[in-house]
Structures are given as structure tokens and as C-alpha cells.
Amino acid sequence: MNKYLVRASMVGTVLGGAILLKDYTGGGNCPSKATITGQTVIVTGANTGIGKATAMELAKRGGRIIMACRDMGKCENAARDIRGKTLNHNVYARHLDLASSKSIKEFVQTILKEEEKVDILINNAAVMRCPHWKTEDNFEMQFGVNHLGHFLLTNLLLEKMKQTGNARIINVSSLAYIAGDIDFDDLNWEKKKYNTKAAYCQSKLANVLFTIELAKKLQGTGVTVNALHPGVADTELGRHTGMHQSAFSSSVLAPFFWFVVKSPKQAAQPSVYLAVAEELQGVSGKYFNSLKEKEPAPHALDEETAKKLWEESAKLVHLQEALRECNLL
Ligand SMILES: NC(=O)c1ccc[n+]([C@@H]2O[C@H](COP(=O)([O-])OP(=O)(O)OC[C@H]3O[C@@H](n4cnc5c(N)ncnc54)[C@H](OP(=O)(O)O)[C@@H]3O)[C@@H](O)[C@H]2O)c1
């Protein structure tokens, strides 16, 4: 054989092997083929990354998709892209800034007015390791957006989801919850020195504890709630970290990362699985690492901490007042 053909076939074999390995490290596709025609899905932070890929996958399965994002320009562009690629025209861009309780209440009021039902809520949006920023309501940004924003949003949508029946709530957490600690003495980092990593880990632990407590409260309602770690994915999540911006990581480490880091589409599979799989009907209060159910670490299962976090969160977001404002009490 001509030496160029031999080289070409070797390169082909290596590339083929690399792609197979990449599929393996990607954690696999959602095994369910279920369609969700007629079901209404809300995905927060759906303009990019895992959220956009989740919205795309669920649009392919026939859902009515509401993309809830803070930047309407990015949201409309992403919605247009998804409509074009899936030919599902029931994909809508709606404004939701999780760093503002005013915006959350306005979003909920629009949903309550416009939507007959809400079958699936995917609490996906997050900010990671940003500077010591505050939300409009003066909460530390990562705790405020990742936990408190979704806590308020979910509570305001609960009645609608109970009326829908067999509805599912999915909280996108992270393996980072393991290093998390809930500091009830200073939830909003007002007393101690700010640590961007610890603040992210606290917010992701809060996602799991919220799931545990909400599942208890939802027993017998037909609504389920589960949490997941999507795997490590190549998204914009690292935008506030030096890693993401350095020439070293984007050139030297990039080929290595390509093997071990999932694409947004691969990382969306766990959210899609928890949203659609028939075999998960009725499964609630669980944590999934990619597509597999996994027992969370003991500190994420602590019932007293979960209850206390619920009570503190309800106070911070003025839950009763918010329910009244949305005519839910
Ligand atoms: N990527 C990973 O390796 C990884 C690993 C473990 C867990 N996760 C989790 O996966 C989820 C998705 O992350 P990703 O990797 O897809 O990150 P991403 O690409 O940065 O996307 C995050 C999304 O959240 C939105 N968002 C941020 N602040 C918001 C706010 N105040 N209101 C509404 N939306 C807001 C962003 O909107 P803008 O574009 O407008 O900022 C964006 O749409 C997160 O919960 C993250 O913790 C990711």
C-alpha cells in the first residue's frame, strides 16, 4: 500500500478510537425514547450551555418549550436556532432574571396567565465563581441565583404543577456539592471573607438539600423532584475563572479536556432522562450522577439541615408575601 494511504488509515483509526472513547467518557445518551408532545417544559438558563442543549433535546421530543433567560437577545437567538433545527415551533423565549425576585414574580404571573399547565420544570441556570456580587435583593450572587432564585420560582409554580399532575421538577446541581457547607450564621457572606469556590459549593449543596425537603412536602401530590450532576461539560460556566481565559488551558490543555469533558448535548442527557423516562414516574427525592441514581453524601441528606435551609430561604425570599402577590394564597 502507498505510504500515504497507510498513514491516512492509521490517522483514521486513531481518530475513530478517540471518538469512541469520547462517547464513552460522555456518559451515554438518555436511554428513553419517550416523546413529550403536549407537555409544557420550562428550562431556566436556556440560552447557552447545558440549558440550551436540554431545550433542544426536549423540543425534538415534541414538548412546548419555554426558555427562561435573563438576556432576551440571547434567548430569542437560541429559541430561533432550536425552532430551525427541530422544526418544533412551540419554542418560546421568556424573560427571567433569577437575581431579582421582582423578575421571578413577573415571570410566574405570565406563566400562570398564559399556560394551561406546567409538566416539567428544569432549574438549570447558574453562575459559578463570580466576584463578590449581590443580587437585586442583596443576596450573595451564587446563593441568590443558584438556590434562592430557583427556590422562589419553584414554590410559585408548585400549585400549577400540582394541578397538572404527574409533573416533574429537576434541579441541576453539581458534584461540587460534596465540598459544600451551609453556613446558617452567614448564608450571604456578609461576615466572613468571600471565597468564590466555597460560595458555589454552598449553592450546589443547597440544590440537593432543597430537593430532599421538597420531595417530602410533595408526597402524595403526583409531583416529583430530583437533583443531578450533569458531568463536567464544555460550556460558559467557567467564564469568571482564570482557567477559562488562560492561553495555557485553551491551547495546551484543550486536547486533553476534549477527551474528558462532555459536550453540552452529552451533559444535557441526565436532565432529559429525568424529564421524560417512563421508568422514573413516581421517583422523587433522589440524586443522579449523570444517568445513574447515587446516594448523596451524608451532609446532603441531613433532614434537619434541609428543613432549616427551607425555613431560612422562605424568610429571605418573603415566600408568603410572594405567594399572595401572585394570588396563590
Ligand atoms: N458545565 C459543567 O461542567 C457543569 C458541571 C456541574 C454542574 N453544572 C451545572 O449545570 C448547569 C448549567 O451550567 P452550564 O455549564 O450550562 O453553564 P453556562 O453555559 O454558564 O450557562 C448558565 C446559564 O445560566 C444563566 N444564568 C446565569 N445567571 C442567571 C440569572 N441571574 N438569571 C437567569 N439565568 C441566569 C446564563 O445566562 P447568561 O448567558 O445570560 O449568563 C446561562 O444561560 C448549572 O446549574 C451548573 O451548575 C455544570
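Two ground rules. Residue numbers start from 1 along each chain as its sequence is written. Because the model is predicted, local features need pLDDT of at least 70, side-chain atom pairs count only at pLDDT 80 or more, and totals for chains, interfaces and linings use all residues.

Start with the sheet. It is open, has eight strands and mixed pairing, and runs β3-β2-β1-β4-β5-β6-β7-β8. Strands here are DSSP runs of E, at least two residues; helices are runs of H or I, at least four; both are numbered from the N terminus. Two strands pair if DSSP finds at least two bridges between them. β3 (91–95) and β8 (292–293) stand at the edges with a single partner each, so one side of each has no neighbour in the sheet.

Look at β1 (residues 40–44) and β4 (residues 120–123). They run parallel, joined by three bridges. V41 has I120 of β4 as its bridge partner.

Now helix α2, residues 49–60. α2 packs on the sheet and touches β1, β2, β3, β4 and β5. Contact means C-beta atoms, placed from the backbone, within 7 Å. The direction of α2 makes about 165° with that of β1. Axes are lines fitted to C-alpha atoms, for helices over the stretch in contact, and angles run from 0 to 180 degrees between N-to-C directions.

Last, the ligand. How many residues surround it? The count is 29, and the closest are G45, G49, A126, S174 and T235. The cut-off is a C-beta atom, placed from the backbone, within 6 Å. α2 gives the largest share of that shell, three residues.

Note on methods:
Contact = placed C-beta atoms within 7 Å.
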